[in-house]
Every structure is written in C-alpha cells, then in structure tokens.
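Please look at the sequence and the model first.

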Amino acid sequence: MTADLLEADVIVVGAGPVGLLLAGELCRGGADVVVLEKRRAPSTESRASTLHARTMEILDVLGLLPDLGGPPVEPRGHFGGIPLDLTGPSTHPGQWKVPQTKTEGVLEEWAISLGADIRCGHELTSVTETGGPAEDGPDAGHVEAEAVGRDGVVLRLRARYLVACDGEDSAVRRLVGARFPGEDAGRELLRADVEGIDIPNRRFQRLEKGLAIAWRNPAGVTRVMVHEFGSVAQPRSGEAQFEEIAVVWKRVTGEDISGGTPLWVNSFGDASRQLDRYRHGRILFAGDAAHRQMPIGGQALNLGLQDAFNLGWKLALHLRGAAPAALLDTYHAERHAVGRRVLANIRAQALMLLGGPEVEPLRTVLGELIALEDVRAHLAGMISGLDVRYDVGGPAHPLLGLRLPETALLADGGETSTTRLLREGRGVLLDLRGAADDPLPGADGWADRVDVRAALPKQGGALEGVGAVLLRPDGHVAWAGSGDAGLREALERWFGPSG
C-alpha cells in the first residue's frame with residue numbers, strides 16, 4: 001500500500017541529535033521540514049555523554065541550555081588517555097556530562113515546537129534527485145524518496161533538498177552510492193553499562209594486558225570499557241555480548257564482573273572514513289553519515305552537531321531565495337576540512353590508547369609536551385572545537401573566520417551580548433565606532449537578513465580596537481575592519497545579493 005505524496009522543503013533522514021538540531025535550525029529559518037527515523041521510539045541507550053565547549057555555546061545561542069538542567073562539568077579531558085586541561089576562551093569550558101537521551105529529548109521537543117514533522121518507524125528505501133540542478137534555484141528540481149512505515153505503508157516524499165543524518169551505516173549514503181574512503185577497524189573497545197558490580201574507578205588505566213576504563217554514576221550503574229592489547233577487531237553480525245566483555249575484563253584486570261546485570265552492551269572500533277563530498281547536488285550529509293571515527297572523548301557527537309549548525313542557516317537562507325546554491329558548497333569546504341582534522345587527531349589518540357607497550361615512549365613524550373601551555377592550549381582548542389577557523393575570504397584581519405567568543409556589549413542604553421544578538425538566527429553587523437553618527441555604508445540592502453547594531457564592548461576583549469564586525473548566524477566572523485572596505489563583498493558572499 002502506498003500513501004499520498006508528502007511534500008516539504010527538506011527531508012532530514014535520522015532523528016538523532018544531529019538530525020534534530022538541523023531540523024530545528026531549518027524550521028527556525030522558515031523551512032518546512034520532515035524528519036524520517038527508522039526507530040519506532042527514541043533510543044533509551046545513552047551512548048555519547050560529553051558535550052564540549054563549542055557545542056555548549058551553540059546550545060546557548062539556541063536558548064536550550066536551561067533545558068539541559070545544569071549538567072555536571074569536568075574541566076579535564078584527555079588526549080589519548082593523557083589528562084588534558086580543557087580550559088579555553090569560552091563561557092562553557094570543559095566537558096559537560098549530558099546523557100545522549102537527554103540531549104535528544106531536548107532537541108526533539110525544540111524541533112517539534114518549531115514545526116518539524118517527525119515520522120518515527122519509517123525506514124528509507126529509495127532516494128532520487130530529479131529536475132534541474134540546485135544551481136538553477138531552489139525550485140528548479142527536487143528529491144523524491146520513499147520510506148516504509150511500521151504498518152507496511154510506503155510513504156512517498158518530495159522535497160527540494162534531503163540531508164542524511166542517519167549515522168555511520170547511512171542508508172542515504174548507500175542508496176546514492178557516495179564514496180566513503182578510509183580504513184576499516186583494526187582494533188576495538190568493548191563497552192557495557194552494568195548494574196550490581198563493585199569495582200574500582202579507572203581512568204584510562206593501561207595494565208600489562210590491556211586498557212581498562214570504569215566509572216560508576218550516581219545511579220549505581222558502572223560503565224566499563226576494555227581492550228586487550230594485540231587483539232584484532234573482528235567483523236560482527238550484531239552487538240558484542242556481555243559474556244565476551246566479562247571474559248576480556250577478567251583477563252585484563254583480574255576482576256570478575258560476570259555476576260552483574262548488563263543494561264547496554266556494544267563495541268566500537270578505530271575505523272576512520274570520510275565522504276569525498278558532503279554535498280551531492282540536492283543531497284547533503286552531516287554527522288556520522290559524512291564521517292566515521294572512533295568515539296574518543298565525545299568528539300564524534302560534537303563534530304556532528306557542529307556540522308548541523310553550519311549547514312542549517314545556509315540551507316534555510318538558500319531556500320528563502322536569498323542566497324545562491326553556491327552557499328551550500330561552503331558547507332562542504334568548511335566542514336570537510338574540520339572533519340579531516342578531527343579524524344586525524346582521533347586516529348592519533350586511538351593509537352596511543354589501544355597500542356601496546358610499543359607506544360609507551362610516545363605517551364611519555366606527549367605527556368611532557370602537554371605540560372607546556374602552548375601545547376595544552378592547542379590540543380584543548382582542537383578537541384573543544386574552539387579553534388575552528390573558516391576561510392571566509394575578504395581583507396585579512398586577526399578575527400576573520402574565527403567564532404567570536406561571547407562578548408558583553410553596551411547598546412541602546414542597556415547591556416546585551418553577542419550570544420543574545422545571535423539568537424534571532426540572523427547575521428549581525430556590529431558598529432563599534434562609538435561616536436560615529438553616520439551609519440555604516442552599504443548594508444541597507446540586507447536588512448531582511450542582517451541586523452545592524454551600534455554597540456560598544458563592555459570590556460575590550462577580542463573586539464578591542466575593532467571598528468565594525470560582521471557575524472554570520474553561526475557566530476563566525478565574516479568581516480572585520482575599521483572602515484567599510486570589503487563589507488559589501490562579505491555581505492553578498494554570506495547573505496546573497498542585496499534586496
């Protein structure tokens with residue numbers, strides 16, 4: 001049986017955190033969004049539980065931090081199991097511990113409140129791009145898709161774009177034949193959440209026979225992770241079994257956890273893959289559908305959420321007809337480069353974590369280097385996402401391409417901040433010249449996409465001595481200067497032709 005045709009601006013495939021954040025961002029930008037999810041209900045498995053500083057800043061811009069309920073924060077993270085202070089120039093430094101079920105719940109409620117149509121129990125079976133290329137305009141062609149519902153009814157859909165956020169085993173990637181080069185897993189970590197065991201907490205403890213990690217949460221559930229040195233990842237037809245984990249745990253630690261009750265069991269390897277292209281015409285990829293990596297230190301989830309935040313405002317702006325399809329190419333250019341760098345640091349960490357005695361000299365040297373502040377700050381910025389710098393073009397400036405840390409501002413006789421100004425989901429042109437009576441020339445034609453605000457920084461900070469700065473909706477600096485040279489070009493590049 002086939003249902004009637006459902007039409008939308010965008011089909012998002014996958015209702016995990018990445019798909020939900022993207023759906024909400026698109027709805028916030030005025031798009032009509034349908035989300036397809038093959039699960040019949042939200043997951044009860046708390047997989048990724050770490051949110052880094054840049055992701056917390058994004059959730060702050062979206063106004064969602066209160067809904068997380070004040071999660072605990074740990075200022076220290078690690079690099080390959082070596083402790084690393086994650087302090088950095090952010091209002092939310094460190095690792096924020098939020099169960100993935102909580103993150104998904106908050107993002108789902110937010111996306112639905114903005115109008116996202118979420119269809120659970122629908123598995124994608126076909127994707128076809130038809131009509132004219134996206135470069136001919138958002139209405140020139142479309143994507144057609146079919147999904148089978150839990151009742152066997154085939155749901156037909158048509159949209160101007162489709163975004164795959166359906167994880168490392170992406171159905172969209174398979175259906176369109178997208179190239180996903182890289183390496184399969186050679187080693188793996190076994191993981192389980194277990195009730196009813198009492199073992200010491202271990203933070204990346206390297207023992208004679210392997211790596212052991214354990215910590216007990218306030219509810220009395222202990223998460224264990226273990227790797228036996230020299231073991232090789234084997235192809236699996238399903239998830240790992242608890243009995244296997246208990247056997248390996250005893251060989252590595254000498255402790256017997258077989259009497260515990262497993263709540264969740266899985267394994268993850270050190271596979272490393274990345275799509276050649278994040279954009280295939282009207283089909284785009286984000287999160288684990290675009291890149292596969294070992295989930296070390298929470299970077300995989302954070303990388304995906306930041307993909308979605310980069311893409312959302314660009315696609316929404318294009319769908320409104322305000323910006324050309326070329327803006328979507330900047331999504332690939334910016335996020336593919338970031339993904340490549342993250343995958344490289346994860347491969348290095350995997351080697352240091354899962355390698356046997358042969359990696360000990362490397363760990364010793366890196367431990368000494370991390371004690372140097374410049375090295376610590378470099379690694380902390382990379383892991384937290386705070387050091388991302390995009391190639392945005394335009395006249396050179398120290399701030400260009402970086403995300404602007406939250407800055408307190410004096411404007412209209414009161415106080416505000418860059419974070420509050422960005423909550424409208426629009427670009428922001430800050431005129432910081434103080435006594436200047438004349439408005440910045442050349443910005444009038446973008447009033448429907450860019451807010452112009454005269455303000456002064458409450459304290460100098462990053463904006464010390466800057467005459468004006470143009471922020472993209474994601475908070476990255478698209479232009480900065482003391483006059484207006486290059487401003488019009490930056491507005492056209494990031495917000496389309498003047499209206």
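The model is predicted: local features need pLDDT of at least 70, side-chain atom pairs count only at pLDDT 80 or more, and totals for chains, interfaces and linings use all residues. Residues are numbered from 1 along each chain as its sequence is written, and side-chain values use heavy atoms, without hydrogens and water.

**Helix α6**

Helix α6 spans residues 242-253, 12 residues in total. From first to last C-alpha it reaches 16 Å, close to the 16 Å expected at 1.5 Å a residue. That expected span is 1.5 Å times one less than the number of residues. Helices (H or I, at least four residues) and strands (E, at least two) are DSSP runs, numbered from the N terminus.

The buried residues of α6 are F242, I245, A246, V248, W249, V252 and T253. Buried means under 20% relative accessible area, exposed over 50%, and partly exposed in between (1.4 Å probe, protein chains only). These buried residues pack against β13 (188-195), β14 (202-206), β15 (210-216), β16 (222-228) and β17 (261-269). Contact here means heavy atoms within 4.5 Å.

**Salt bridges**

Side chains of opposite charge can pair when their charged atoms come close. A search of the whole structure finds 34 salt bridges, each a side-chain nitrogen of Lys or Arg within 4 Å of a carboxyl oxygen of Asp or Glu.

| Pair | N to O | Relative accessible area |
|---|---|---|
| R179 and D276 | 2.1 Å | R179 53%, D276 34% |
| D451 and R426 | 2.7 Å | D451 22%, R426 22% |
| D448 and R449 | 2.9 Å | D448 41%, R449 4% |

R179 and D276 meet in a salt bridge. R179 lies in the loop between α5 (171-176) and β12 (182-183), and D276 in the loop between β18 (272-274) and β19 (279-280), so the pair ties together parts 97 residues apart in sequence.

D451 pairs with R426. D451 lies in strand β25 (residues 450-454) and R426 in the loop between α11 (418-422) and β24 (427-431), so this pair ties together parts 25 residues apart in sequence.

Elsewhere, K314, E334, R472 and D474 are linked in a network of salt bridges.

**Surface patch**

V365, L369 and L372 form a nonpolar patch on the surface, with about 240 Å² of accessible area together. L372 lies in the loop between α9 (360-370) and α10 (373-384). L372 is partly exposed, at 47% relative accessible area. Patch residues have over 30% relative accessible area and no salt bridge; like charges are joined within 9 Å, nonpolar side chains (Val, Leu, Ile, Met, Phe, Trp, Tyr) within 5 Å. Accessible areas come from the Shrake-Rupley method with a 1.4 Å probe; for residues, only the protein chains shown count as cover.
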